[in-house]
Amino acid sequence: MATYYFFLISLLLTLLLSLSATSNSSNYQEETPITRFQQYLRFNTAHPNPNYTAPISFLTSIAQSLALKTQIFEFIPHKHLLLVTWPGSNPSLPSILFNSHLDSVPVEPNKWIHPPFSAVRTPDGKIFARGAQDDKCIAIQYLEAIRNLKGKNFIPNRSIHISYVPDEEIGGANGAALFVGSKEFRDLNVGFAMDEGQASVNDEFRVFYGDRSPLNLVIRATGKPGHGSNMYDDGAMENLMKSVEIVNRFRESQFDVVKSGKAINSEVISVNPVYLKAGIPSPTGFVMNMQPSEAEAGFNIRLTPTTDPDLFKKKIAEEWAPAVRNMTYQITELGPLRDNAGRPLVTAVDDSNPWWLVFKQAITAAGGKLAKPEILASTTDARYIRQLGIPALGFSPMTNTPILLHEHNEFLEESVFLKGIEVYEHIISALSSCEEVQSV
């Protein structure tokens, strides 16, 4: 009888172990470039409270599994920056830097068809998440490309660095700006850099040789208060409205150039009103029979790299907010407008730039086509690198993809993500192999 019970107990244990193994097997998900991409997307790095610690730990673990060197810097408290390095066989050559930012813009979850940090992969291969295009894709693609190159026993001549920086989405002042201005960055001896770009809706890769530079402008007007029935010159609202009309005419002149097809949006100065503030508050809204003594308006401005900032500021002082009309103004520059030598923040995209030639050859070798190089309508951390005179290109390998950065339901197709890894294999191997380029 004891033998019988022992047999039953053994059979039961075997069955339980078998069920447990089956359950674990069904829950186990093999690690692939796609699953690692999904894992990274699931970290909530959206402002105003981005989680930097967890994604840096995740990226560090991947890098160390590839025998890459990692360093974590904290140039300002709680704003950690990860630097990954693949040492080259000839470290005396200028190195190559690939940059990506950790943070994301905020989300409105109720406007999404899938939770924005769930990284849901739909049956048609779309991966939905905030940051899928901007720019967590390249963060993982860099590492996956290196994984593949190491698997092929490739050894770079130049050292390869990957920087994962905080706060790009709020201007980069506490992220890339501090990093690029540090001794740690100077010690890297960077000769060429790549940063994020944007998706392309057709089969040509987009590449960016400069960014527009953001300015915030606040115009304030003062004047004599008065009864709502009075008609007189020099009231605060009257002065402000005159300025708004002048600014709007300038905006229309720039927009007309775009609508005529003579330039694209990023090649003109954009000026957009973002708020108006005036009036005397009352319990039911505003006092309607009283003209206020103060009024102000705010504008977001994007200057092209070739705009002379001094001449533009003169226009603001003399035309948009002249002191003779009791106007004052405040300009907030969100990053550099010129490089340290006073030149436009652009990278040459012609035969004068040997890095450009190597990059183009790499795209061709990957079976890709390049669209005409562009100025980016928005702004990236590449401007801080260009400020030092280091050539930098903006590039994200996404073709036949809708441009969804900062929009609801941001996604990237699995096939596009995987193709991007292949493209970066060619780029990394080409840029790190050329020995003849010393500097530009």
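## Cysteines

C137 has a relative accessibility of 0% and therefore counts as buried, a term that means under 20% relative accessible area, with exposed meaning over 50% and partly exposed in between (1.4 Å probe, protein chains only). C434 is also buried, at a relative accessible area of 8%. A disulfide is a covalent bond between the sulfur atoms of two cysteines. Here a disulfide is counted when a pair of cysteine sulfur atoms lies within 2.5 Å, and the count is zero.

## Basis of the model

The model is predicted: local features need pLDDT of at least 70 and side-chain atom pairs count only at pLDDT 80 or more, while totals for chains, interfaces and linings use all residues. Residues are numbered from 1 along each chain as its sequence is written, and side-chain values use heavy atoms, without hydrogens and water.

## The sheet

Strands (E, at least two residues) and helices (H or I, at least four) are DSSP runs numbered from the N terminus; two strands pair if DSSP finds at least two bridges between them. Eight strands form an open sheet with mixed pairing, in the order 1-2-6-3-7-18-8-17. Strand 1 (69-74) and strand 17 (374-376) are the edge strands, each pairing on one side only. On average, neighbouring strands of this sheet are turned by 30° against each other, direction ignored; axes are lines fitted to C-alpha atoms, for helices over the stretch in contact, and angles run from 0 to 180 degrees between N-to-C directions.

Four bridges join strand 3 (residues 95-101) and strand 7 (residues 190-195) in the parallel sense. F192 in strand 7 is the bridge partner of I96.

## Helices on the sheet

Helix 9 (residues 354-365) packs on the sheet and touches strand 3, strand 7, strand 8 (207-211) and strand 18 (392-395), where contact means heavy atoms within 4.5 Å. The direction of helix 9 makes about 25° with that of strand 18. Helix 3 (residues 53-65) lies across strand 1, strand 2 (80-86) and strand 6 (160-165), and runs at about 10° to strand 2.
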